[in-house]
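Have a look at the model first, then read on.

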Amino acid sequence: MKKNNQQKSILSIIVSYNFIPWIDRCLPSLLGSSQLTDILVVDNASNDDTLASLREQYPQVRVIQNNHNLGFGAANNMGMRIALDEGYDGVLLINQDAWLAPDALQQLVEVSGQHPEYGIVSPIHMTGDGSKLDAGFATYINNEALNTDNSQYSIACCQFINAALWYIPTSVIGKVGLFAPLFYHYGEDKDYVNRLHYHGYQIGYVPTAIGYQILKKIEKNPGLSIGAHYHHERYDGKGYPEGLKGNDIPEIARLIAVADTYDAMTSKRSYRDVLPQQTARNEIEKGVGTQFDPVFAGIMLEMIDDDKEYKMRQF
């Protein structure tokens, strides 16, 4: 894409794995964006009709076909390297099960230019039907009410937003780097945000920019809101949003932290299949006493060891 005087050159990167259920919502939202963007799909060895559909229905989309699943970070790194090598001004990382309102990307790019202290800018995340905020996003912003009056402010700061919809200037990537290969299975975005903060940048969202994502529904439970709010805390006190440590973290949140990590690794993701049981076990064991409460992590390890046929996973 050639730059004009009004718009920056943007590369939208989608890591795909069996993209078909969402392809006709995700790609048209980018092709119809008021902000011109090139689109790159990095396919992690899909075994459905993803590649055929891209060739036949979306010939304008650039595709990299991997022979095996590289995971989220490494696949996105391929696109980010291209953006750096080819002189793009910024990248949009967008999950294959996400899509944007027509003016959302333009808002992200413009607000990012006005606020260079923000290394990552995100839209708000709505549920797929647009009826409410995504539960995870609501947690990231501490369930605060959104101010959509753009005359009062254009960006709001928070400690973390997941990488389902990130706009990052390439100048920031040049300083912070790519995703760390150490985090192949889980936590790539958390590590990246930690490094972003280390380099003096903030992460924020634009309340008037709208993104959508299809995610699993969570049933209501009296203690769930507390657990959801604090489950990113770490047992060693290095988590967020409040940096609580040990038993100061609510018990339900300490439990959810272990269960959520296990569920993330043993569920199918848009960019990979279920991980091997031993891989999930190793990650839980590695976090005992640092990321996780040793009691709840120990219970989870016992459950994994008892699950000889690996039934605790998504089929």
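This is a predicted model: local features need pLDDT of at least 70, side-chain atom pairs count only at pLDDT 80 or more; totals for chains, interfaces and linings use all residues.

1. Just past the end of H7, Gly-200 adopts a positive phi of about 90°.

2. Next, the aromatic rings: there are seven aromatic pairs in the structure. In one of them, Trp-166 and Phe-179 are stacked, with 6.3 Å from centre to centre and 15° between the planes. This pair links distant parts of the chain, since Trp-166 is in strand S8 and Phe-179 is in the loop between H6 and H7, 13 residues apart. Trp-166 is buried, at 0% relative accessibility, and Phe-179 is buried too, at 3%.

3. Phe-179 also pairs with Tyr-192: the ring centres are 5.1 Å apart and the planes are at 50°, so this pair is tilted. Tyr-192 belongs to helix H7, and both partners are buried. Ring pairs join Phe-72, Trp-166, Phe-179 and Tyr-192 into a cluster.

4. Asn-18 has a positive phi of about 55° and lies in the loop between strand S1 and helix H1; at 18% relative accessibility it counts as buried. Ala-45 has a positive phi of about 60° in the loop between strand S2 and helix H2, and is partly exposed at 26%.

5. Finally, see Arg-313, which lies over the face of Tyr-310, 5.2 Å from the ring centre.

Terms used. Residues are numbered from 1 along each chain as its sequence is written. Side-chain values use heavy atoms; hydrogens and water are left out. Helices (H or I, at least four residues) and strands (E, at least two) are DSSP runs, numbered from the N terminus. Buried means under 20% relative accessible area, exposed over 50%, partly exposed in between (1.4 Å probe, protein chains only). Rings of Phe, Tyr and Trp (its six-membered ring) pair if their centres lie within 6.5 Å; planes under 30 degrees apart count as stacked, over 60 as edge-to-face and the rest as tilted. A charge sits over a ring if NZ of Lys or CZ of Arg is within 6 Å of the ring centre and within 35 degrees of the ring normal.
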